[in-house]
Structures are given as structure tokens and as C-alpha cells.
Amino acid sequence: MTAVRRTLLTLLGLQVGLALTLSLVDSYRRRGKKPKPFPVTEPETVPVGSGEITTYTFGRDLYDDMLAAIDGAKKQILFETYIWKGDEIGWKFKTALTAAADRGVDVHCVYDGFANIVVSPAFKRFSPSLKVLRYPVWTAGLRFWDLRRYGRNHRKMLVIDEEVAFLGGYNIGSAYATEWRDTHVRITGPGVWDMKRAFADFWNLNRRHRIRRNERPLLLETASDWDPQIRIHKNIPRQWNFPIRSMYLEAIQRASRNIWLTTAYFLPDQDFVDSVAEAAQRGVDVRILLPLKSNHIVADWISRGYYGQLLAAGVRILRFKDAMVHAKTATIDGSWSTVGTANIDRLSLQGNYEINLEVIDPAFARTMEQVFLTDESNCLELSLAEWQARDLNRKFTESFLAPLRPLL
């Protein structure tokens, strides 16, 4: 038994060592390299229900509108991000939020401590006028055995008064303004109240992490209306509640015409892969758009383990070149679409705090299809023949790292 345990630990150590080596080599190769320009679609607004949805595919456009909304806030700002860089863009947001609080706006901010561990401590010192919740690096406390307490806060959202909300994949930082391809939406109408509730739920669940632990819960003034075309889905690890995965699976299983999916990292469970493959086998046009090279090379290597099964089933794999595509979107059958923070990987679908917007509307679906086709114009498609012809070194690395799949 001891020999078996030693062998397994040695194997795990070798896998982790290879993963670290790949990451270090990739980091060295990226030094000084800048992404090339990539095609984007202009912000487009469509009416949905009793509100509107504006779609952004370029960070600078999004940040300009977010900062304008912050500057125009009258009563309340709810701001939440995973990464908040201490660079030029990060300071613009910090300054705008502080100015809003100083003029009497109730400003709540949430950011993830682990994701910002390398950000300067000076940047993370905030004015007392801001209510800031730093989601801690170590979240389990003394209950280290409780898996429900290990999820990171991967959400990115902004809610202004009861008027407007922003949601999507963009973190806050200068590189994301021009160098990354991501997708965010601006919504008005009843969906804004659902976003407020989502923020309040997270704040109240985790407010004990703030220094002022006797602070009262964040309360909402009124209930929202029900909008049959828009739904907000929230993954809540503490409650072992992961509806975003179920949302995807239900939509994929209902698809009859097309499934166009964009994700930064593709590391799903086998049931998810089977659902996608079965859709392609029944004649659905299934396309998965991924980075040619993401910012996490180990995730790239591990995700390739699914390619053979998907390509054999008829799924088209499109690889976005020259820049990092970080969007988390899908559109199906010209009716159903989603934009949010959840990648198609285990951490997003069954581990982290995430939030996705689900929209059933043909006009918005057309917008999302146009965004996908614009991205597709910047992609290299992977054929089954090309995949089968890869060298033995690649096949070995993919197989050797495959056991790390449940960790990502």
C-alpha cells in the first residue's frame, strides 16, 4: 500500500512539475510581445422585453460607458470584479468610485483577494467613504474540509441606481481595454433588479469578511418584476447551487439548428462533452470558438484532450489568433443566448461564484451571431485530419496532463 501511495504521489508531482515548467517557458516566450489588432463589432443596442441590451466587444468602449454611468450615479453603485489592476484603467475606476462616494452616493465594491494578490497594496487602500469587501485569499477559515467554502469570486458586474447594469467577462485593467477580446452587456429594465439582488446576496453572505463586522446587511427597497425573456443565473458554492451548467445543458439538448459557443477555457465534464457531441451528431451546426493560445498554457494542453471526440462527432473547433479571446458567450437556434462570467470549465461550472445572463430573444440572438461571425473571421479552424496528424510529443503531453483536468 505504501509503494502504491508513493507511486501515485510521484506521478502527481511529475504532472504538476510539467505544468509549472510549461507555464514558466510560456511566460518567458511572451515577454515583450503585444497582441495584434483583431476585428470587433461596434456596441449595438436592441430592445428586449421592457428594457434594452447593449453588447460590447472592445474594452475601451465598455469602460467609457461604465465610467460615464458611475459619474452619473445619484443614489447607489454596486461594483464587483475578479481582477482590478492597479494601472491607469484601474485608477480611473477607483477615482470615479471614490468621487461618487464623496458626493453622497452609496458605493459598495467587491474584489477577489487571490486574483489581485500581485496588485500593489497601496492601490488596495480605499477611502473610508467606500464600502469595500475584499473576498479573502483563504476562504475556508478553520473549516478546511468544507468544499463549499473554496470557490473564488469570479463575477464582474456593475449596477447603477435602479437604472442600468453591466455584466460580462471583462475584468478591470489597461490590457483588457485594447489587447483582449471579451464580451460584456449593458442592460436596462427589470433585469437590473435581478442584478441588484445578485450583488446583495453575495455581499450579505460574505460581509463577515469586512473589518466592520457589525455592519447591517445590504437591503433592497422593493421586489423586481418578472421578465420572461431575461433571467440571471448565479452559481453559489456555499449553497452548492450551480444553475449555469444546467442552463447550458438544457439549451444544448434542445438545440435543433445551431450552437455557437465562445469560451476562454474549455475543460468541461464528460457529460457536457457528450451533450455537445450528440447535438452535432443529430445535425446541429456546432461551433466552439477558443483562443489559439490562451493566457494559461496548461489549460490549453488539457482542453485538447476533448478535441478528438468532438471533431469526430462533427463539431467545428475555431481557434482565435493573435489575441486572447476571453468571452463567455453562446447563442442557439436564433433565439437563445447567454453572456456572463462562467467559462466552460469545472471551476466556473461547479466551483466558483459566477453570474450569467440568459436571454430568449431573436433580435439579441442576431446580435450575438454577428459577434460570433466577426470573431470567426479571425480564427484558424482545426480539422480532424490535422488533429490526428499531431506528433507523439504532443499526444504524450496531453495524456500525461489529463489527470489534472478535475483541478481546472
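**Salt bridges across the chain**

Let me begin with Asp-106 and Lys-131, whose side chains form a salt bridge at 2.8 Å, N to O; the term denotes a side-chain nitrogen of Lys or Arg within 4 Å of a carboxyl oxygen of Asp or Glu. Asp-106 belongs to strand E4 (residues 106-112) and Lys-131 to strand E5, so this pair ties together parts 25 residues apart in sequence. Helices (H or I, at least four residues) and strands (E, at least two) are DSSP runs, numbered from the N terminus.

A word on the source: this is a predicted model, in which local features need pLDDT of at least 70 and side-chain atom pairs count only at pLDDT 80 or more, while totals for chains, interfaces and linings use all residues. Residues are numbered from 1 along each chain as its sequence is written, and side-chain values use heavy atoms, with hydrogens and water left out.

Asp-106, at 23% relative accessibility, is partly exposed, and so is Lys-131, at 26%. Here buried means under 20% relative accessible area, exposed over 50%, and partly exposed in between (1.4 Å probe, protein chains only).

Turning to Arg-155 and Glu-80, their side chains also meet in a salt bridge, at 2.8 Å, N to O. Arg-155 lies in the loop between strands E5 (131-135) and E6 (157-160), and Glu-80 in strand E3 (residues 76-81), so parts 75 residues apart in sequence are tied together. Arg-155 is buried at 2% relative accessibility, and Glu-80 is buried at 1%.

To close, the count by this rule is 15 salt bridges.
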